[in-house]
Amino acid sequence: MLANVLQNPWRLLLAINAAVIIGVFVHKIQLPPYVPYIHLLVDYHFGFIKRALIGAIVALFTDKVPVWLVFALGGGMWLVTLGLYARLFQKTFGFTAKTLPLFVFIAGSPFFLKNFMHTLGHFDIYGCALTIVLLLLPAGSLLFVALAALFSIMLVLIHHIHLLMYVPTIITIVVIRHYLSHSVTRTNVAFGLVALLCVSALFFAAQFWGTMPIPEADFVAYLKTRMADPSRTDLLQFAYIWYQPLAQEISDTWGRLPHNILGVPVFALLIWLHTPLWRYFANLIGGLASDMHRRLVLVALIGVSLAYLVMFAMVFDYSRWISNWAVCMFLILHAVKMLPATRQTPLIPAEDRNTNILGLVLTLIPRVGIVRPF
């Protein structure tokens with residue numbers, strides 16, 4: 001029996017991943033939810049400002065925000081994302097013994113669900129969840145493009161950095177699932193360009209005109225009125241981010257760069273550990289029936305990666321950015337699988353020794369982190 005487990009350990013690795021996620025959750029709830037908590041307090045009380053949509057929705061249901069709500073909302077969103085991805089994987093590949101290694105490499109990646117558990121309450125997961133929804137919905141009509149635009153607007157209102165973090169992936173999925181898989185007409189192209197223009201305009205409005213219009217002391221005083229426990233002033237230490245201009249964010253990022261850049265070899269190693277998955281992805285692209293499709297997919301992958309490179313230059317949460325970049329690659333893989341192909345791409349082998357070792361290592365890595373690795 002032990003020999004069989006060692007030769008084909010994927011069910012065991014799936015169980016270990018579940019145990020690791022529980023451990024990450026237990027560790028997470030013991031940490032103070034600084035940034036996620038203050039995002040639940042900020043709303044549109046003083047007019048249009050950036051990073052306020054989640055807090056505005058919370059304000060519709062309660063005047064006082066308890067700390068536990070960070071974990072309740074974050075945990076609920078994590079469970080929704082898990083369910084959505086399980087449905088997507090079932091739709092794209094199905095759950096069989098042959099597809100289990102692929103599922104473990106994606107769902108068990110320290111970049112994905114485990115890191116979303118570590119960043120519980122942050123806004124990244126909303127982009128992932130809405131992108132998965134677009135992968136699940138029918139894409140034949142302009143309603144799909146309109147829904148993608150609506151999701152992008154919601155994400156920019158949650159946090160304007162989503163324009164670089166998940167909107168490029170949403171655009172890629174719209175192009176693959178609607179424009180490449182269905183007819184390209186003047187109407188749907190014009191509609192898509194207008195939608196993109198609207199999302200971009202909203203981003204610039206949030207970035208340059210979405211700062212808090214009152215003094216910081218008054219802003220903090222208002223936030224205290226929304227806290228269930230106003231004595232927890234330690235949870236308000238990040239109020240300055242609603243006043244910080246882009247130039248200051250870039251300056252802070254470059255000031256930390258010599259120290260944070262030390263994590264790049266670790267990120268490179270983590271990416272290398274996914275080699276069987278990247279090899280499968282490359283073969284999937286190579287097997288597409290159309291040369292144009294292959295070229296456009298490669299351009300999209302470069303475009304999404306360049307957007308993350310811009311984020312690296314602007315904001316220093318490097319572990320989060322590299323993790324979400326990997327998640328975007330995982331989701332684009334699903335979109336590419338939906339395109340016509342000339343051949344069936346072989347799945348990740350279930351009984352290959354080197355693949356098993358890489359799967360085990362990835363399973364045992366609990367998460368990537370927020371700023372620096374681990």
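Helix H9 (142-158), helix H11 (167-180) and H12 each supply two residues or more to the lining of the second largest pocket. Helices here are DSSP runs of H or I with at least four residues, strands are runs of E with at least two, and both are numbered from the N terminus. H11 gives the most to this lining, with seven residues. The pocket is lined by 18 residues, and Ile171, Val174, Tyr179, Gly192 and Leu196 lie nearest its centre.

A word on the source: this is a predicted model, with local features needing pLDDT of at least 70 and side-chain atom pairs counting only at pLDDT 80 or more, while totals for chains, interfaces and linings use all residues. Residues are numbered from 1 along each chain as its sequence is written, and side-chain values use heavy atoms, with hydrogens and water left out.

**Pockets and cavities**

Rolling a probe the size of a water molecule over the atoms shows where empty space is left. On a 1 Å grid over the protein atoms alone, a cavity is a set of points where a 1.4 Å probe fits but cannot get out; a pocket is an open set with protein on both sides within 12 Å along at least five of seven lines; lining residues have an atom within 4 Å of a point. Grid points are joined across faces, edges and corners, and a volume is the space filled by probe spheres set on the points. For the classes in the table, Ala, Val, Leu, Ile, Met, Phe, Trp, Tyr, Cys and Pro count as nonpolar, Asp, Glu, Lys and Arg as charged, and the others, Gly among them, as polar.

| Space | Volume | Lining by class |
|---|---|---|
| Largest pocket | about 920 Å³ | 20 nonpolar, nine polar, nine charged |
| Second largest pocket | about 350 Å³ | 16 nonpolar, two polar, no charged |
| Largest cavity | about 140 Å³ | nine nonpolar, four polar, no charged |

Which residues lie nearest the centre of the largest pocket? They are Val35, Phe238, Asp317, Ile370 and Val371, out of 38 lining residues. H3, helix H12 (186-209), helix H14 (246-260) and helix H18 (318-337) are the elements that give two or more residues to that lining.

The largest cavity is lined by 13 residues, with Pro36, His39, Ile54, Gly121 and His122 the closest to its centre. H3 and helix H5 (68-92) each supply at least two residues of this lining, and H3 gives the most, with four.

**Cores and helix packing**

A nonpolar core is a set of buried Ala, Val, Leu, Ile, Met, Phe, Trp, Tyr and Cys residues joined through side-chain atoms within 4.5 Å. Buried means under 20% relative accessible area, exposed over 50%, and partly exposed in between (1.4 Å probe, protein chains only). The largest such core has 117 residues, and Tyr85, Phe112, Tyr166, Tyr308, Trp321 and Val336 have the most contacts inside it. H18 provides the largest share of this core, 14 residues. Apart from it lies another core, of six residues, including Val156, Val167, Leu202 and Phe203.

Contact means heavy atoms within 4.5 Å. Leaving out residues up to four places away in sequence, Tyr85 touches Phe103, Ile106, Ala107, Phe112, Ile132 and His334.

Helix H6 (residues 100-107) is mostly covered, with eight of its eight residues buried. Its buried residues pack against helix H2 (10-28), H5, helix H7 (113-118), helix H16 (275-286), H18 and helix H19 (353-364).

In helix H13 (residues 216-226), Phe219, Val220, Tyr222, Leu223 and Arg226 are buried. These residues cover an arc of only 160 degrees around the axis, which puts them on the same side of H13; the arc is that of the directions from the helix axis to the C-beta atoms. They pack against helix H3 (34-41) and helix H4 (53-59).

Tyr243 is found in the loop between H13 and H14 and is partly exposed, at 23% relative accessibility. Among its contacts, not counting residues up to four places away in sequence, are Met212, Pro215 and Phe219. Its C-alpha atom is separated by 5.5 Å from that of Thr211, 32 residues apart along the chain.

Arg51 sits in the loop between H3 and H4 and is buried, with a relative accessible area of 11%. Most residues other than glycine have a negative phi. Arg51 has a positive phi, near 55 degrees.

Val26 belongs to helix H2 and is partly exposed, at 41% relative accessible area. Val26 and His118 are 92 residues apart in sequence and 9.8 Å apart in space, C-alpha to C-alpha.
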